[in-house]
Amino acid sequence: MAFLELREVTKRFPGVVANDRISLEIDRGEIRALVGENGAGKSTLMKVLSGLYQPDAGEIRLDGRRVVIDSPRRAIELGIGMVHQHFMLIPRFTVLENIVLGSEPARGGLLREREARRIVGELCQKYEFTLDLGARVEDLSVGAQQRVEILKVLYRGAEILILDEPTAVLAPQEVRELFVNLRHLRDQGKTIIFISHKLDEVLEIADRISVLRRGVLVGTVRREETERAALARMMVGRPVLLELEKGPYRPGEDRLVVEDLTVPGPGGRPAVRRVSLRVRAGEIYGIAGIEGNGQSELVEALSGLRRASAGRILIGGVSVTEATMRRMRPVTEGRVRRARPVAEGRVRRLRELGLAHIPEDRQRRGLILAMTVWENGVLGLHRSPSFARRGWLQVRPIKKHAQSLVREFDIRLPGLDIPVRNVSGGNQQKLILARELGREPTLIVASQPTRGLDIGATEFVRQQLLRARDRGRAVLLVSADLEEVLSLSDRVGVMYGGELVAEFRPGEVTPEEIGHYMLGGRARATEAAVGGTRGADGAGGTGGAGGGVGPAGGTGGAAGADGGVRGRGGAGEAGGTGGGMA
Amino acid sequence: MVSELLASAIRMGLPVLLAALGAVYSERSGVVNIGLEGMMITGSFWGAVGAYYAGPLAGMALAVAASVLMALVHAVVSVTFRVDQIVSGVALNILAYGAARFSSIALFQKATMSPHVQGFTPISVPGLDQVPWLKPLVTNLSPLVVVGFLLVPLSYWVIEKTVFGLRLRAVGENPLAADTLGLKVFHLRYAGVLLSGVLAGLAGAYLSVEHTGMYVEGMTQGKGYIALAAMIFGNWSPVGAMGAALLFGFAESLSFRVVESAVVPYQFIKMIPYALTLVVLAGVLKRTRPPAADGIPYEREEA
């Protein structure tokens with residue numbers, strides 16, 4: 001008999017059936033994967049299981065007995081523990097405090113710290129978790145934070161662990177470590193429900209895989225009996241293009257040059273340290289790395305939202321760094337205009353130079369949620385003579401413009417007059433994309449452009465970025481999704497601790513090696529190569545130099561042809577590699 | 001002379017200290033309490049009322065009860081109904097001013113002051129009062145001064161070492177995480193706000209019953225706001241708040257003494273504590289770290 005059984009569980013929200021009569025049987029000591037697109041109903045189902053939602057119909061049976069899970073507290077009493085995708089941790093608290101919070105060992109209201117330390121220490125030992133209990137959570141790596149989350153659940157005596165997209169934020173090595181931990185837990189009799197949309201991982205870790213699509217359970221398969229393409233078909237309901245169409249790689253001139261850029265972070269400590277990179281017309285330069293390693297600050301500096309403390313940024317050959325901008329006179333149509341000394345006009349200047357920005361947080365920075373679709377469509381263009389006359393908005397042309405954006409980018413809306421707040425996430429992102437790409441920029445800075453989007457919208461966004469590249473735009477892509485970076489980019493840089501620790505072309509290095517960089521490992525092959533290439537913009541010569549070093553460091557066969565891992569722009573230009581990317 | 005100045009600083013700083021300690025409880029639970037000023041006004045008035053009719057102890061009790069009632073309003077409005085905490089607090093301040101005036105007319109037939117009231121019998125620390133240079137510090141003390149300074153280590157201990165303190169801090173840092181762990185976020189925030197009501201009430205009562213011997217309209221002189229500043233300056237910790245409160249007390253007692261010398265125009269001297277507040281806040285804000293969820297109403301995800 002199944003340990004956990006869901007019978008015809010149904011959950012409705014206004015307008016949608018999020019879970020439509022879902023029945024599942026999960027055995028004790030099983031790792032069960034639950035896969036499906038965004039909006040397929042995975043999270044809803046898990047919220048039903050963890051007591052956050054009440055099902056409208058159906059029942060849940062645990063160990064043969066019917067149970068009603070009416071609160072998270074009840075769920076944990078029943079031994080069901082949820083490890084949330086966004087960690088529910090208190091950064092300022094220690095590991096120990098985070099774990100025991102809510103069911104602290106205490107005597108007379110006084111926290112018994114030694115007792116707590118003993119209990120948690122034993123748990124760590126039993127399940128082979130390595131953690132410093134006295135460390136503050138904010139100082140831990142993401143992987144370690146996740147272990148804290150899992151321990152929190154184990155400390156409360158969970159028999160069933162639900163992990164919601166646990167690998168989304170981890171580097172490959174950390175994923176492997178997590179899987180080791182999960183297998184260990186399973187072998188000790190714990191039941192694990194693993195939610196994901198990364199098929200490779202699911203195929204690696206799960207015993208059985210259940211697929212949800214639009215709220216309906218499509219089927220459950222054993223891992224041995226399925227493969228990637230079949231799962232993808234089940235998920236989406238149609239064959240999926242796993243490969244993206246990409247034109248030949250024909251890089252042009254430098255559109256963005258970043259030299260030794262240092263950017264202070266929120267606490268004043270540098271979040272970006274001496275980063276140098278160049279992005280050329282007709283290429284996508286991807287920045288990989290675990291979130292929080294300076295990517296956001298780099299993008300903010302590039303888009304004029306954060307002041308750099310040192311270094312230079314050149315867009316289309318024009319220096320736009322704060323210090324230089326103050327003195328510099330922007331050249332427009334050969335005429336010298338008055339310099340704008342204040343930071344206020346900076347972003348505007350950057351946009352005039354052809355910068356388009358697709359921000360990481362689309363709801364806060366990409367759109368004004370309370371404003372309508374047509375108003376959002378003209379943001380940033382509202383000064384142009386076709387949309388404004390003497391300070392008065394020309395509503396009709398603006399609406400026409402919005403209409404054409406909506407048509408061109410296939411944005412699905414009930415109307416232009418609704419607030420953007422009421423538009424789905426995918427269509428919000430499409431609107432931003434339409435606005436930013438619609439003004440024919442020369443440089444596109446896209447940060448986490450597909451985060452939280454469903455497969456359809458993700459495909460669309462990626463195709464638009466590739467199309468922009470094929471049309472000769474320069475694209476800087478920052479994404480926490482390594483797969484995305486590798487599949488879209490022509491060149492990739494890895495950021496760790498604010499530094500660009502490696503630079504290579506996709507296919508040149510193994511995922512393990514990339515993971516090594518993401519976790520702070522230095523580019524092994526490259527120290528010598530950098531010496532050879534730094535500062536040298538020439539193509540052939542540097543490529544050759546890098547090529548000589550690459551194989552010696554063991555970066556793989558491809559490196560020999562393309563140049564060392566940190567080719568620094570020189571490598572890519574080494575003739576002959578251009579067409580090789582298709 | 002120095003110890004006399006210090007003793008004066010302690011007397012001046014005490015109401016700020018008490019209210020700042022209250023603010024620590026409230027803010028560590030995630031609720032900004034700008035209504036401290038109003039709670040102090042309420043405390044000062046009802047403290048005088050209680051003391052006038054039934055002695056200082058009754059004054060304290062009445063002050064605390066009235067102030068807690070104000071705190072309860074703040075909690076209901078800003079925790080349960082998630083109204084902006086600043087708006088709620090400011091509204092309370094206005095309400096407290098009007099209510100005190102109204103009640104004063106009703107009870108004493110005077111809008112702006114009460115009759116003279118009797119405070120506690122001052123106490124001295126036995127033994128230490130024989131040391132001459134300590135004398136101003138340890139003799140003729142209001143019992144509330146002793147209570148106030150005992151509350152500092154007590155509050156530290158409660159916040160840092162007890163289960164209640166841990167949970168209080170947890171809801172101030174990440175109420176959602178606390179909620180998923182089964183903590184009662186709303187109860188804890190109520191506790192934080194009500195405790196600040198207790199302490200702000202005592203602070204107000206000290207002003208009228210102990211310090212002045214009567215209620216005078218406007219006698220709090222913005223001390224509630226200064227207490228808030230002291231708490232921030234003290235980085236949301238009881239011990240830090242004490243240091244800041246003493247600093248403000250010192251500035252105030254200094255301002256009294258300098259007036260006597262009459263070198264600088266009196267109005268400028270009067271500004272010292274307030275100017276100090278501004279300077280301190282402007283200079284120190286960057287280095288402090290408020291609870292992560294301070295000031296943000298917690299909304300439970302609706303199923």
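**Figure 1. Bridge between A:R7 and strand 4 of chain A.** In this predicted model, A:R7 has A:E59, a residue of strand 4 of chain A, as its bridge partner. Strand 1 (residues 4-13) and strand 4 (residues 57-62) of chain A run antiparallel and are joined by five bridges. Strands of a sheet pair through backbone hydrogen bonds, in either a parallel or an antiparallel manner.

**Figure 2. The open sheet of chain A.** Four strands of chain A form an open sheet in the order 2-1-4-5, and their pairing is antiparallel. From one strand to the next, the twist averages 30°.

**Figure 3. Helix 1 of chain A against the sheet.** Helix 1 of chain A comprises residues 42-49 and lies across strand 1 and strand 2 of chain A. Relative to strand 2 of chain A, helix 1 runs at about 65°.

**Figure 4. Contacts between chain A and chain B.** The interface brings 18 residues of chain A into contact with 16 residues of chain B. On the side of chain A that touches chain B, helix 2 (72-77) and strand 8 (110-111) of chain A each supply at least two residues. Helix 2 of chain A provides the largest share of this side, namely three residues. Classified by type, the side of chain A that touches chain B consists of eleven nonpolar, three polar and four charged residues.

**Figure 5. Helical architecture of chain B.** Chain B contains twelve helices and zero strands. Its pattern along the sequence is accordingly written α-α-α-α-α-α-α-α-α-α-α-α. Among the contacts in chain B with a separation of 6 or more, 75% are accounted for by residues 24 or more positions apart.

**Figure 6. Dimensions and burial of chain B.** The C-alpha trace of chain B spans about 65 × 45 × 40 Å along its principal axes. A compact globule of 303 residues would have a radius of gyration near 19 Å, and the value for chain B, 19 Å, therefore agrees with that expectation. Of the 303 residues in chain B, 50% are buried, where a buried residue has 20 or more other C-beta atoms within 10 Å of its own.

Notes: Residues are numbered from 1 along each chain as its sequence is written. Chains are lettered from A and ligands numbered from 1 in the order in which they are written. This is a predicted model: local features need pLDDT of at least 70, side-chain atom pairs count only at pLDDT 80 or more; totals for chains, interfaces and linings use all residues. Two strands pair if DSSP finds at least two bridges between them. Axes are lines fitted to C-alpha atoms, for helices over the stretch in contact, and angles run from 0 to 180 degrees between N-to-C directions. Two residues are in contact if their C-beta atoms, placed from the backbone, lie within 7 Å. Ala, Val, Leu, Ile, Met, Phe, Trp, Tyr, Cys and Pro count as nonpolar, Asp, Glu, Lys and Arg as charged, and the others, Gly among them, as polar. The radius of gyration is taken over C-alpha atoms; the globule rule is 2.2 Å times the number of residues to the power 0.38. A residue is buried if 20 or more other C-beta atoms lie within 10 Å of its own, exposed if 12 or fewer, and partly exposed in between; C-beta atoms are placed from the backbone.
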